Amino acid sequence: MTRRASILGGAAAIATTFVVFVIPFIFIVLMAFKDRQQSALRDFSWPTGFHLWENVAEVVKTRNWMMITAFINSTIITVVSVTLLVIFAAMVGYVLARRKTRWNGLIEFLILAGLMVPPAVVPTIWLLQGLKLFGTLHGMILIEVAYNLPFSIILYRAFVATIPRDLDEAAIIDGARPLDVFFRIVLPLLWPVTVTNIVVQSVGIFNDFTNPLYYLPGNANATVQLTLYNFQSQFSTAYNLLFTNILLITIPPLLVFLFFNRQIVAGMTAGAVKG
Amino acid sequence: MAGLELKQLLKSYGNVEVIKGIDLTIEHGEFVVFVGPSGCGKSTLLRMIAGLEDITGGELVIGDRVVNAVEPRDRGIAMVFQSYALYPHMTVYDNVGFGLKLARTPKDVRDQKIREAARILQMEHLLDRKPSQLSGGQRQRVAIGRAIVRKPEVFLFDEPLSNLDAALRVDMRMEISRLHNDLGATMIYVTHDQVEAMTLADKIVVLDGGVVQQVGAPIELYQRPANLFVAGFIGSPKMNFVEAGVDKVVGDSVTVSGPDVAGVPVAIPAGRLRPGDRLTLGVRPHDLVVAPSGTIVGRVGLVERLGNETIVNLELPSGASWLAVLEGDQILRRGDSLALDVDPGKALLFDKSGQAVN
């Protein structure tokens, strides 16, 4: 009986996954193959002709090759923010897990507050303008780092506790300075969480729509998600181009995910200390 | 060349004092073992010497420098941890060479030193492996290699063998002893295993409650313990104790009696005791011999016949239980009465404060 129940449960799970994740994706792909007229019907019909290359070319060329600029901008923002996030979050997680002081409670509260308190857009813009960072890529990078730091810290902190303190001490005896201990010993051992962080944060930041919309105005500053607006207007929407655009900008996160998913190595610390 | 000097060394966490003013001198090239029960502060003391714990008070001198405020890397020490603490993401080669790399030693010198250390420890074939691919003994070897390669003045060992199985422990013990001879460096070794302490040490430091109980050569500690704690801690099986009072003093000998013993003669220099003094008599299980007219009489409990010796659990009249290790194979029956005697030169007496009288 339990066997049958588990088979049924599995089948139900697969079916649900298919409906929720795969069908929309198939819909996107089909739409990207259609011409404008057919796509306006927004149905599940088979494309009448092969229009993918035309659509792709048009999407890329629209508004003076905005797509290319957007890809460059998004890549810069994503790579730099994720790098900073990994380094800073790992540092904070390391110090929080290792050094017990009376400030820990307050710091943990602030981290949680960072997760819970919704960002206030207008004051942030005001602050950015004051710092002359509004509408710049590095301003955007700082915003992404600040918004995502608490989550990354929480991921790291729990994991740092699994790295034996003896390793830090052995490194100190070997002559390592604090930064050596962190970059040569602790950070490499945090690789499994780092991978998780890279996957989660880079997909999130690359696909971020609202923050670039608020804090990064201007055509030269477009990010990939904002290019979606190119084909939507109040009265007419080119659905074939919109979905081609979606298809194009889905590819990089998908690649990140496929590449790093294999890198998550469990038990990196095996052999460090007597198990 | 570096000896160590500990002057009134103190360590406290908040209001809790864990090391209560330790004075100790360690000569260059000495093998010193810190022993004591769990929580006696021996590991803390070692970590203070290593620089992993701050020193609350007192002075620590290594060589001729006061090193209280000196970073661990500049103290000329190397440490081997109980858990080995190998860097799991590096090969054995990189593990051993990590300290040299941090010190920016040129690559060829580094390579030469790593291979030299590997040769000393006979682990050249392991250099390309990761720690997870090594057995416990091999890991410990790598940890020692990491220490050797730094050419330290002082080696610190924090219970290095307690994670190894019994056979390997004996091997590694000999290895460490050989290393001490070959390198001629000062070694400080923490253990709770008294066999390790007795076999390795030039000098044993017995610690309890953050205080040095006694410092001395292993045999000295065994034969002439300074107090009840050392007497009970050193030696296996444990020393037997019983309450007793002085009957009479004749020259360099006294006779003591108590609820469980009647007229045991003990050699004591004249003038130290007077009739009526209350004391604790201590006798090692190995020093008891069967004698029909013996002064210690009890009922035989559990008997373990090992062939070469017989271990008897003796119940004394007051209900106290003593162990006696008797020579050869003795046929004893449970419940029988057994009389034992002790050589007056080997029985020990401790006064009310627990200090040895003889």
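In the predicted model, the axes of helix α2 (residues 92-102) of chain B and helix α3 (residues 107-120) of chain B cross at roughly 130 degrees and come within 10 Å. Angles of 65 to 115 degrees count as roughly perpendicular and those over 145 as roughly antiparallel; α2(B) and α3(B) are therefore oblique to each other. The crossing of α2(B) and α3(B) is right-handed. On the α2(B) side, the contact is made by B:Tyr93, B:Val96, B:Gly97, B:Leu100 and B:Lys101. The residues from α3(B) are B:Arg110, B:Lys113, B:Ile114 and B:Ala117. By residue class, this contact comprises 5 nonpolar, 1 polar and 3 charged residues.

Along the principal axes, the C-alpha atoms of chain B fill a box of roughly 75 × 45 × 35 Å. Chain B has 358 residues, of which 39% are buried. Among contacts in chain B with a separation of 6 or more, 63% are accounted for by residues 24 or more positions apart.

The annotation "domain: ABC transporter" is given by UniProt, in an unreviewed entry, for residues 4-234 of chain B. This span is 36% helix and 26% strand, and its end C-alpha atoms lie 25 Å apart. For chain A, an unreviewed UniProt entry lists "domain: ABC transmembrane type-1" at residues 71-260. Over residues 71-260 of chain A, the chain is 74% helix and 0% strand, with the end C-alpha atoms 20 Å apart.

The two chains touch through 23 residues of chain B, which are in contact with 21 residues of chain A. On the side of chain B that touches chain A, at least two residues each are supplied by β6 (77-80) and α2 of chain B. The most is given by α2(B), with 3 residues. The residues on this side of chain B divide into 15 nonpolar, 6 polar and 2 charged.

Definitions and conventions
Residues numbered from 1 in each chain as written. Chains lettered and ligands numbered in written order. Predicted model: local features only at pLDDT ≥ 70, side-chain atom pairs only at ≥ 80, totals over all residues. UniProt positions renumbered as here; feature names shortened; annotations may be inferred. Helix = DSSP H or I, 4+ residues; strand = E, 2+ residues; numbered from the N terminus. Axes fitted to C-alpha atoms, helices over the stretch in contact; angles between N-to-C directions. Parallel < 35°, antiparallel > 145°, perpendicular 65-115°, else oblique. Left-handed = near helix turned anticlockwise from the far one by under 90°. Contact = placed C-beta atoms within 7 Å. Nonpolar A, V, L, I, M, F, W, Y, C, P; charged D, E, K, R; others polar. Buried ≥ 20, exposed ≤ 12 C-beta atoms within 10 Å, placed from the backbone.
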